[in-house]
Amino acid sequence: EGGGDMAAGGAGDREAWCGPPPGGLALLGPAPGAPSCPHGPALLFVKTSQGKEQGRRFYACSACRDRKDCNFFQWEDEKVSETRLAAREEYNRNHQPFFTHRQNVERYKNFVLLPLSKRRFCQECQQLLLPAEWEKHSDHQFLCDISTAQLKSPSRLLYPLENKKTNAQYLFADRSCQFLLDLIIDLGFRRVLSVGTPRLHEIIQSKASQEEDFRVRSLLLDIDFRYSQFYAEDEFCHYNMFNHYFFGGEAACETCRKFLYQDNGERVIMVTDPPFGGLVEALASSFKKLMAMWKEAEGGGHNSQEMPTFWIFPYFFEPRILEFFPSFSMMDYQVDYDNHALYKHGKTGRRQSPVRIFTNLTPSTIVLPVEEGYRFCTICQRYVSSGNQHCETCNSCTSKDGRQWKHCVLCKKCVKPSWFHCNTCNCCALRNHACEKTDAGCFVCGKAGHKRSTCPSLSHA
């Protein structure tokens, strides 16, 4: 929600490696035998230059784009000495959490046994404190009298991570969180693989502990290890969604597999809210691996299916998502966030939240709330926003941002209401735009007719 709650991202201006990568970089993907940094196996990139040959390949951190946050870098053809390898392994070990997940589970058990007056949470270290640890944190600010309700809502207890280049964390507003849960229940799902959506996970966990007849269960996969203080090993896995890396090794991977395999893989849905700046290629690669894990469920008969999925992302990434998941479609529902000034429901025009739900479920089954202005288009067979009027020429409800779009006869498509056809550019654009030639070639090879992302010169892993 971290636009996802992911620590390597959240919603809004969340940034990790941006797509396309900065400075003429192309992602070649995960590579066998890739070196690792504290965030797991690095990703392989290559520098590109328009009309010129590809540059030298290199490995960089999968989760951090700013080298101030993780300075890992290695040329693909570089020979690394044994001394440097040993130093790197030592560095990676030293940059792992102080407590293991299992130790955190034991600490939590001891913490809940304490009387309310002895339950403290260090705000500087973002850690639940046992009485024997108070002295070490004596000069820190801490919260006292931590209630059971606070322990069941860790996303409200923990500070959101707000370094936009590494781990900006924006959390679902109650409206969107409750809508998603109601939709999941109405569609008949009973298990939710929550990838970077801690607030959705905690509302499911909380209801499951309080309501005897509540049957939905959730497994949280998140790069924010702080959540291990509050959840058991079968409720949370420390996971990097940019390189499909389980920090807990095979045991954590088996936890995820076991969760997906229950009931032969039936009635499970993946809900993911990645960092909005995260490279779509890297995210899609990880999600496909999670889907493949689900397909392996014995006797599930899922060979020709994809795991049901809600991918929450801004609408302007639609072409990129459909490139990797052609079966997906975008819903008009506006997802909003608690701690983001702009991504709020109810704003008008360009100030509306651009965050949408992409799903491989049949659009007509995704019922959107009529009381919030959504209506059902009988021609498109899906719910759309009230401002999204059906275009008879396109034979579709074409608006992406909630406003009514207009059809351009020359462009042969609907465009934003603020755009006008420019005869110089031969396409629609803002009235005061700087005219540029639109026949510019691909950034990688310089040839026209395709974009960098689909350049045949790039071999995507």
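Trainee: How many salt bridges does a search of the whole structure find?

Mentor: The search finds 18 salt bridges. The model is predicted, so local features need pLDDT of at least 70 and side-chain atom pairs count only at pLDDT 80 or more, while totals for chains, interfaces and linings use all residues. Residues are numbered from 1 along each chain as its sequence is written, and side-chain values use heavy atoms, with hydrogens and water left out.

Trainee: What makes the contact of Arg175 and Asp336 a salt bridge?

Mentor: The term requires a side-chain nitrogen of Lys or Arg within 4 Å of a carboxyl oxygen of Asp or Glu. For the side chains of Arg175 and Asp336 the N to O value is 2.7 Å, so the pair meets that definition. Arg175 lies in helix H5 (residues 174-186) and Asp336 in the loop between S16 and strand S17 (355-359), so the pair ties together parts that are 161 residues apart in sequence. Helices (H or I, at least four residues) and strands (E, at least two) are DSSP runs, numbered from the N terminus. Arg175 and Asp336 are also linked with Glu372 in a network of salt bridges.

Trainee: Why is Asp336 called buried?

Mentor: Buried means under 20% relative accessible area, exposed over 50%, and partly exposed in between, with a 1.4 Å probe and protein chains only. Asp336 has a relative accessible area of 7%, so Asp336 is buried.

Trainee: Which classes do Arg257 and Glu250 fall into, buried or exposed?

Mentor: Arg257 stands at 18% relative accessibility and therefore counts as buried, whereas Glu250, with a relative accessible area of 53%, is exposed. Their side chains meet in a salt bridge at 3.3 Å, N to O.

Trainee: How do you know that Glu323 is partly exposed?

Mentor: The relative accessible area of Glu323 is 31%, so Glu323 falls in the partly exposed class. Its salt-bridge partner is Arg320, at 2.6 Å, N to O, and Arg320 is buried with 17%.

Trainee: What is the order of the strands in the open sheet of eight strands?

Mentor: The order is S13-S12-S11-S10-S14-S15-S17-S16, with mixed pairing. Strands S13 (245-246) and S16 (329-330) stand at the edges with a single partner strand each, so one side of each is left without a neighbour in the sheet.

Trainee: Why are S12 and S13 called paired?

Mentor: Two strands pair if DSSP finds at least two bridges between them. Strand S12 (residues 236-240) and S13 have two bridges in the antiparallel sense, so they qualify.
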